[in-house]
Amino acid sequence: MNTTILTTERLWLRVMGPRDNEAVRGYFRRAWTFGEDWLPLPPDDFFTLQGQRCRLAAEEEARHAGHNLRLFLVRRDDPLERICGDIWIDCIERTVRHAAMIECRMEERSSRKGYMGEALTAVIRYCRNELGLHQLEALIAPAHAAACRLAERCGFQPLEGVTCWRRIGLGWVEHQVYAVEW
């Protein structure tokens, strides 16, 4: 499927379908190794082609129903057009709050170059203007200083006294809830 939804100065932000399972699996293998300190343990079939095909099919169905949207980042200067990051807008709620959760991930070769800030800024604008959302929330481990700085640069603020626990690796880690509203 591989459809570009947003374009920034240096990136294409694309949705992927079940036929893109090999590219997505390769990306997740690279990104998971780089970010494993901040990620939950993946299901057993996560790094298999069949597992990714099933997940992409389920995401495609949920996307068409308006429940979520995962955008894969592709650098425009990469001749192989490899995925270098993703932003997942999940739990889209349009009844009262018009809000969603957002989660970002990047592979190491493309990190620390400003790509995620560029992409996140475009996605926030897209959520406001195209999806009609009023708020995005992100769960960030306070020890993940780079993620905290990125969120704040993009307009997210920590919600005072609002935390939650997420299973990361084999343990539970308290996360600060950040939000951006418009």
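Start with C164. Its sulfur lies 11 Å from the closest cysteine sulfur, in C91, which is too far for a bond. The cut-off here: a disulfide is a pair of cysteine sulfur atoms within 2.5 Å. C164 counts as partly exposed, at 21% relative accessibility. On the terms: buried means under 20% relative accessible area, exposed means over 50%, and partly exposed is in between, with a 1.4 Å probe and protein chains only.

A word on the source. This is a predicted model, where local features need pLDDT of at least 70, side-chain atom pairs count only at pLDDT 80 or more, and totals for chains, interfaces and linings use all residues. Residues are numbered from 1 along each chain as its sequence is written, and side-chain values use heavy atoms, with hydrogens and water left out.

Back to cysteines. How many disulfides does the rule give? The count comes to zero. C148 is in no disulfide either; the nearest cysteine sulfur, that of C104, is 12 Å away. C148 is buried, with a relative accessible area of 11%.

Two strands pair if DSSP finds at least two bridges between them. Strands are DSSP runs of E, at least two residues; helices are runs of H or I, at least four; both are numbered from the N terminus.

One pair in detail. Strand 2 (residues 11–15) and strand 3 (residues 69–75) run antiparallel, joined by four bridges. Which residue of strand 3 is the bridge partner of W12? That is V74.

Next, helix 1. Residues 21–35 form it, 15 residues in total, and it reaches 20 Å from first C-alpha to last. That is close to the 21 Å expected at 1.5 Å a residue. The expected span is 1.5 Å times one less than the number of residues. Its buried residues include V24, Y27, F28, A31 and W32. What covers the buried residues of helix 1 includes helix 2 (49–64), strand 3, strand 4 (83–93) and strand 5 (99–106).

How do helix 1 and helix 2 pack? Their angle is about 105°, and their axes are 9 Å apart. That makes helix 1 roughly perpendicular to helix 2. Axes are lines fitted to C-alpha atoms, for helices over the stretch in contact, and angles run from 0 to 180 degrees between N-to-C directions. Under 35 degrees counts as roughly parallel, over 145 as roughly antiparallel, 65 to 115 as roughly perpendicular, the rest as oblique. N21, E22, V24, R25 and F28 of helix 1 meet L49, Q52, R53 and L56 of helix 2. Contact means heavy atoms within 4.5 Å.

Look at Q52, in helix 2. Q52 is buried, with a relative accessible area of 1%. Leaving out residues up to four places away in sequence, Q52 touches N21, V24, R25, F28 and F46.

Last, two backbone angles. H98 is not a glycine, yet has a positive phi of about 50°. H98 sits in the loop between strand 4 and strand 5, and is partly exposed at 22% relative accessibility. R112, also not a glycine, has a positive phi of about 60°. R112 is in the loop between strand 5 and helix 3 (115–129). Is R112 buried or exposed? Exposed, with a relative accessible area of 71%.
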